[in-house]
There are 2 protein chains.
Amino acid sequence: MTTYYSIEIVAATSEYYFTLDLKSVILVALINYFLTDMSLTQLNTYTSLLQHYAEIKPLRMQSWFENDPMRYDTFSFQLGELLLDYSKNRITEETIKLLCQLAKDAHLEKKINDLFVGHPVNTTEKRAALHTKLRDRKNFPLEVKTCFERIKLFTEKLHHQQWFDNSNENEITDIINVGIGGSHLGPMMTTEALSHLSHPKFRCHFISNIDETHLNAVLKIINPKKSLFIISSKSFSTIETITNAKKIKTWLKDFVPNLEKHFVAVTAVPEKAIAFGIPEDQIFKMWDWVGGRYSIWSSVGLSLALMIGMDNFFAFLDGAHAMDVHFRESPFEKNMPVILALLGIWYINFFNASNHLILPYAEALNTFPLYLQQLDMESNGKSISMEGTNTNYATGPLIFGVQGVNGQHSFYQLLHQGPHLVPADFILLGTQDEMLIASALSQTQALMRGKSKQEAFQEMINKNFTSDEAEFLSSHQTVPGNKPSNTLFLNRLTPYNLGALIALYEHKIYAQGAIWNINSFDQWGVELGKQILNDILKEIQQDETNSNQDASTYGLLMHYKKMRSLV
Amino acid sequence: MTTYYSIEIVAATSEYYFTLDLKSVILVALINYFLTDMSLTQLNTYTSLLQHYAEIKPLRMQSWFENDPMRYDTFSFQLGELLLDYSKNRITEETIKLLCQLAKDAHLEKKINDLFVGHPVNTTEKRAALHTKLRDRKNFPLEVKTCFERIKLFTEKLHHQQWFDNSNENEITDIINVGIGGSHLGPMMTTEALSHLSHPKFRCHFISNIDETHLNAVLKIINPKKSLFIISSKSFSTIETITNAKKIKTWLKDFVPNLEKHFVAVTAVPEKAIAFGIPEDQIFKMWDWVGGRYSIWSSVGLSLALMIGMDNFFAFLDGAHAMDVHFRESPFEKNMPVILALLGIWYINFFNASNHLILPYAEALNTFPLYLQQLDMESNGKSISMEGTNTNYATGPLIFGVQGVNGQHSFYQLLHQGPHLVPADFILLGTQDEMLIASALSQTQALMRGKSKQEAFQEMINKNFTSDEAEFLSSHQTVPGNKPSNTLFLNRLTPYNLGALIALYEHKIYAQGAIWNINSFDQWGVELGKQILNDILKEIQQDETNSNQDASTYGLLMHYKKMRSLV
């Protein structure tokens, strides 16, 4: 641990290295470490960016578009079947230059390399984060290769109706993924996104919530004899998942003779799955070095593999791998994840944006914003630097979004006329019909262009309003514009392109975390609630009168007990 | 219009009225109106609140709980089967007193009355907003009474399988609601929330998006002969809804002999529905004085009425009406919508929060956050005062949320350790099992209490970490706490309680809009995108080479055309 620190310290203070003697270097390093945050904001480039921000802030994108016919060409590029247009941002070429310099000063290059070579980038848990290893098919570690071979065999068995020994018996038609967080969002989102490739024989269901309504709604519509439950939990002790698994077991017992043929497990702790009653050869491995929110590439993707078949699943991995190579090898100026990361930092740290919107214009990507919510907010929703000091700058944004056309009829009002700057990624598919594409482009243009009071006034006059009325209405109809957006255009929603899209955001988030100097791979903030849970559960279950809970928690507990007694 | 202004000006400057002569009053009013924003921030109470904020900011809720055993009793109250606990907020009794005074100074009392008596509170569209009239069953206007009687008859016909003249014919089993925005979110959310009361014969489906995937997924699973499509559009010209309706008509033609028996319409423009081919007696009226996002109480609730039956639907209206009476008659200090509104203003305008989270701990309320997203962001996502000047203070927040247990495993990390203050409403049901309730209470306690570095350090030492390691880990495990939340506890999810819950948020939003002095009932920000749409659509459809679009829009259009030509 200590060794690791000193490397970081020397790296962060290398600018002093050539001007000071060794003793001073050590002194500066110690002061940096013990008294202040070795933060982003001390970098010279950060100061330059602050000055640059003051120049950019009053300028309008629209005038840049009017004066520079090449702006789209300058600020867009393509990677395979994925186009990024970032020209509708409040940036000039100087902005990108400075932001790329900031990334360099923050040692992004080294940190990208650290990720890929298996450096323990997750320092608090002393682990590497090697999800990229799961999609580098030519260089699979043996254990990964073996695991995917087992998944392939398993998938084929189900596809060829060879799961039950007695072929006269039932076949599996319903796959039920039981998991929560990363073990839920990944399988659900990808399975929905690629549902046009689903094997027609299978239906896939997802159970995450501990609320029985969720479980019962699924159990009501499946045939127990034809059902396969995938119990997905890295620790095999996630309270929600195991509670649901136990309930399923109790329910299933009455319907099937061979209980164990209806369960498989995905876990890093096979012995617990065995204890639950799942045969060893129906347990698929997870690894310590894959975080829950990066686990769709591992056995957690089992339900996806079953639904779309193994060839498609491998194409999904290949797409992500292509993005890995691009991220690792491209110069920052033409590096899609890095550009997205830097634009985020530009708005978060300079324009004080606290949100980022994800707006897919495709029903198939309906739950993609939910997926990114976890990926981004759990990774970068932190204010503690790698060294354990508090960051003195904003970090991870709040992420949300819905399918875009629905959003237009819901909350876009705030984007256009509300008080907040809310950068957004519009995600389009080349296969969509023209009305949908036109809708998205109208919105990004409206966000950029806005409507001046004069325009609105003239419109009202043309509609024969009196000058007084036009004056009043036009102030309400003025849209300030100058609101930034990115457009990501995928030719088609193939497994390959979906893999690339997810990896794009994974790396965007890693690059931001690296520049913010935070650990994007732990999640200590969620532990406290889990710790408190048992205490509170005990108080609910027992008739305690002495409580050490705060008055609010105690009051609500008593209220709940009273309500329950009325039922 | 002009008369209305002058009243507002005198009202807003009444504080000068007693110290200045009439000439000065007029002068001040004119200056206020023409040069500056007659804003919230000029009120004396606002200044007092700024001072108060400076005192409150460094204080911790936890110490208030430790020193005041009555804090829960002071800051919680019940209305029917709905309990609000707002004691886990960064407030003292002084805060509430000042905030209530702010509401009084901003003429909230008068504005609440304006809403109920039918004053044209939507000034830009010169309309009243009379959704409250739709749930005051004892005082229904004749047209409303007639409309609900028709809905009742219609519902009973379907429930008793008397829809088709020839009783040997098919009966209706699938209700498909086709609408978007308010015509979609309300029916979808309420139908899901009350699905435990659904008539077992009916299934309900929802089509909103123009993406054909959405439509096709529904058409695939229904029997056309047993389907009833509700085309819901106030103007009957909403482009997404009408496009979908036309596609359905084309599809249906091949399957059924009596096309018109499979469509009903909900609209304010019946002649357009007739032109579409829907018989007059199958058209249900909407009114100008009901906004789309407040329309679930009107004929837009038809699908809900069909699913849960008319008695339950009336109970839903009654619950909302009870909240109306409470909102109109209760003193601010014990007025649930007003208290929620003021807490929002406290965080938005003083703590600079830009988000508000909605976290229902119930699968049945899964889409409630989506519903509130529209209700809140479309109502208050505005920066233009009633008088047409720019507000110089923050207004409507960004709203999002998911079912709470899923959220815990997704984005709660950011709530606990992220850089942003994100106030949240936790919504609980007394009927939920103890694990779910304990989960929610653990989170609100963790948000309030946090974990000090000392606690985390001691935990690590107890786990036999070295002092160096404990030092490092504990900085990462520190949770600052002092994060506010409200808890709304419903005894049960009945139609009555759901009605009250929705009305609670409607009035919270109205009260905030009133204090911010904005028009919560228009939505001019979304018009611009609609205007641009036709232009862009034309460019896609034609082979134009001359374009007056910006380079980004033009580039993306060309890219799309190229992709399409490859298909």
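E527(A) is partly exposed, with a relative accessible area of 28%. That value comes from a predicted model. E527(A) counts as partly exposed because 28% falls between the cut-offs of 20% and 50%. Its salt-bridge partner is K530(A), and the closest N and O atoms of the two are 3.8 Å apart. The pair counts as a salt bridge because the cut-off is 4 Å. K530(A) is also partly exposed, at 48% relative accessible area. Where do K530(A) and E527(A) lie? Both sit in helix α24 of chain A, residues 527-541. They are 3 residues apart, about one turn of the helix.

Now turn to chain B. Here R137(B) and D318(B) meet through their side chains in a salt bridge, 2.9 Å from N to O. This pair links distant parts of the chain. R137(B) lies in the loop between α8 (108-117) and α9 (142-159) of chain B. D318(B) lies in helix α15 of chain B, residues 310-329. R137(B) is partly exposed, with a relative accessible area of 37%. D318(B) is partly exposed too, at 24%.

Another salt bridge in chain B joins E212(B) and K247(B), with the closest N and O atoms 3.0 Å apart. This pair also links distant parts of the chain. E212(B) is in helix α11 (residues 212-221), and K247(B) is in helix α12 (residues 239-253). They are 35 residues apart.

Over all chains, the count comes to 34 salt bridges.

Next, look at where the chains meet. How many salt bridges are counted between chain B and chain A? The count is 4. K126(B), for instance, forms a salt bridge with E469(A), and their closest N and O atoms are 2.6 Å apart. Polar contacts cross the interface as well, in 64 residue pairs. On the side of chain B that touches chain A, helix α20 (residues 434-449) gives the largest share, 13 residues. By class, that side has 53 nonpolar, 54 polar and 19 charged residues.

The whole contact takes 126 residues from chain B and 126 residues from chain A. The area buried between the two chains is about 11000 Å². Carbon and sulfur atoms give 63% of that area.

Definitions and conventions: Residues are numbered from 1 along each chain as its sequence is written. Chains are lettered from A and ligands numbered from 1 in the order in which they are written. This is a predicted model: local features need pLDDT of at least 70, side-chain atom pairs count only at pLDDT 80 or more; totals for chains, interfaces and linings use all residues. Side-chain values use heavy atoms; hydrogens and water are left out. Contact means heavy atoms within 4.5 Å. Buried area is the accessible area (1.4 Å probe) that two parts lose on being put together, summed over both. A polar contact is a pair of N or O atoms within 3.5 Å; within protein, one must be able to donate a hydrogen and the other to accept it, and residues adjacent in sequence count only if both atoms are side-chain atoms. Helices (H or I, at least four residues) and strands (E, at least two) are DSSP runs, numbered from the N terminus. Ala, Val, Leu, Ile, Met, Phe, Trp, Tyr, Cys and Pro count as nonpolar, Asp, Glu, Lys and Arg as charged, and the others, Gly among them, as polar. Buried means under 20% relative accessible area, exposed over 50%, partly exposed in between (1.4 Å probe, protein chains only).
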